[in-house]
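Reader: I am new to this structure and would like to learn how to read it. Please take the features one at a time, with the general idea before the case.

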Amino acid sequence: MARPAAVIVLAAGSGTRMKSKTMKVLHPICGRSMVGHVLTAAVAVDARRVVAVVGHGREQVGPHVQEHVPGAVLAVQETQEGTGHAVRMGVEALLAADAEGTDGTVVVMTGDTPLLEGATLVDLVADHDAAGRAVTILTGELDDPFGYGRVVRDEAGEVLAVVEEKDATDEQRAVREINSGIYAFDGRFLADALGRITNDNAKGEYYLTDVVAIARADGASVGAHVTDDVMQTEGANDRAQLAALGAHLNRRTLDHWMREGVTVVDPSTTWIDVTVTLERDTTVLPGVQLLGATTVAEDAVVGPDSTLKDCEVGPGAKVVRTHGELAVIGAGANVGPFSYLRPGTVLGEGGKIGAFVETKNARIGDGAKVPHLSYVGDAEIGEQTNIGAGTIFANYDGVAKHRTTVGRHARTGSNNTFVAPVTIGDGAVTGGGTVVRRDVPAGALAVNDVQQRVVEGWVQERRPGTPAAEAAGAAGAAVAGADTGRDQTDTSQGATRDDGSPTPG
């Protein structure tokens, strides 16, 4: 297959049925915007140029396109006058960027078909080139083709025209073969034909499909490349259609990974973006969402009920009922349940982040553990250190964030507070309930030495008549009764008189 001259992506529509401040083609689906999926497919044909026709919201759409495809040419369609007009704007921008831009095959596609695969475009271009056609239309058959342009053929099966729904006769509306809106053109023919189409139709627009009739009138070859996966050509005009396409794309993504050796226990409750990478023998349990650039390595288990976005999960790690974003989980590490890993969390090999633990911008060394009920923010924890339950890394002084460092093989007590900036040395120990405000040297013990004070009868005196006072009084009576009973028992078992002689009985 010769290298195509260009791919023109039509992305100028406002998408009013989306009812959104976001342009239609920018709505996300399975890890990319709609137009992002289309551009990914476009790149697969390796054209010399990619042109995006933008209009409504071009200040949003244009930069997004060029971020996805650096060097993409932007063409502006100031007024939306139909697909033929949009392609003409694209061709003019192409020729302005490259005087020989139409020498070769030019692919035209819409920006709202996120299921389209690059392999389908490659096949379309290969068929077009091999047949030497002026126009090749990507088509498919639908049981209910309402709303689509119909492909009209003669008795020999040759393509005669494409007729839009509003301009079709009853006989033509009965045709099930539909125009996908995706084409391969001879570039020079396309540039010439675009200047010859008119807007003499029910909508008063310039239809790109009229190029087919022009080609037939010129005696040029027109054909169709029929796809057996017509879902790839489906577009989304509102959020309901977008959700339906998302469900289909997600199922296709799950099928791919399962065939690659990943266990997905319950596909109906699992969502995996197309940008996620999974290794063989990964297990994904029910209720899991893997989003963005997340990677999960061999033998790792994620779930149930976990959401990971832009995370890295190492080999053999286990992540249970956890929400994580921009976090790294080392090989053989354990996370959860009910853990929250915020950006900048790095958990070392064999480490643990346990139940109801929140971490942020924290590096937790190999084999180190934060097992329970803790907040670890802006911290460095050395290897094999254990952080006691209920520990708070107090990183914010009201103005700035500060960092806490805990050394290797340290043991910190429950309900500690580390007031940053502070350093706890290697092998150091902190007592339960300690508030650490100064550095603790290696191997030292840090405690807050405050003697416990007990005030007897405080509740009955200060809170008389309350349930607490009544309970305390009852408990005191029970203790007094037990003491009396003990005295009687001692007497019956042979107490002695003051002179040392035994008492009777």
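Author: Start with the names of the elements: helices (H or I, at least four residues) and strands (E, at least two) are DSSP runs, numbered from the N terminus. Residues are numbered from 1 along each chain as its sequence is written, and side-chain values use heavy atoms, with hydrogens and water left out. The model is predicted, so local features need pLDDT of at least 70 and side-chain atom pairs count only at pLDDT 80 or more, while totals for chains, interfaces and linings use all residues.

Reader: Where is Phe356 found?

Author: Phe356 sits in the loop between strand S27 (352–355) and strand S28 (358–364).

Reader: How do I read a nonpolar core, and which residues have the most contacts inside the largest one?

Author: In soluble globular proteins, nonpolar side chains tend to be buried together. A core is a set of buried Ala, Val, Leu, Ile, Met, Phe, Trp, Tyr and Cys residues joined through side-chain atoms within 4.5 Å. Buried means under 20% relative accessible area, exposed over 50%, and partly exposed in between (1.4 Å probe, protein chains only). The largest core in this model has 44 residues, and those with the most contacts inside it are Leu278, Leu290, Val313, Ile329, Ile381, Phe393 and Ile424. Two or more residues each come from helix H8 (239–259), S28, strand S30 (375–381) and strand S35 (422–424). S30 gives the most, with 3 residues.

Reader: Which residues does Leu278 touch?

Author: Contact means heavy atoms within 4.5 Å. Leaving aside residues up to four places away in sequence, Leu278 touches Trp257, Val262, Ile272, Leu290 and Val296. Another core, of 36 residues, lies apart from the largest one and includes Leu10, Val53, Val108 and Tyr183.

Reader: How do I read a sheet, and in what order do the 7 strands stand?

Author: Two strands pair if DSSP finds at least two bridges between them. In this case 7 strands form an open sheet with parallel pairing, in the order S12-S15-S18-S21-S24-S27-S29. Strand S12 (263–264) and strand S29 (369–372) stand at the edges with a single partner strand each, so one side of each has no neighbour in the sheet. S27 and S29 run parallel and are joined by 3 bridges; Lys352 stands opposite Lys369 in S29.

Reader: In which sense do strand S8 and strand S9 pair?

Author: Strand S8 (residues 150–153) and strand S9 (residues 159–163) are antiparallel, with 4 bridges. Val151 stands opposite Val162 in S9. The hairpin of S8 and S9 has 5 residues between the strands, and Gly157 there takes a positive phi near 90°.

Reader: What is a salt bridge, and how many are there?

Author: A salt bridge is a side-chain nitrogen of Lys or Arg within 4 Å of a carboxyl oxygen of Asp or Glu. By this rule the count is 20. One of them joins Asp103 and Arg188 (2.8 Å, N to O). Asp103 lies in the loop between helix H3 (83–97) and strand S6 (105–110) and Arg188 in helix H6 (residues 187–194), so the pair ties together parts 85 residues apart in sequence. Asp103 is partly exposed at 26% relative accessibility, whereas Arg188 is exposed at 56%.

Reader: With which residue does Glu177 form a salt bridge?

Author: Glu177 pairs with Arg153, and the closest N and O atoms are 2.8 Å apart. Glu177 is in strand S10 (residues 177–186) and Arg153 in strand S8, so parts 24 residues apart in sequence are tied together. Glu177 counts as buried at 10% relative accessibility, while Arg153 is partly exposed at 34%.

Reader: Is Thr139 buried or exposed?

Author: Thr139, in strand S7 (residues 135–141), is buried, with 0% relative accessibility. Among the residues that Thr139 touches, not counting those up to four places away in sequence, are Val151, Glu177 and His225.
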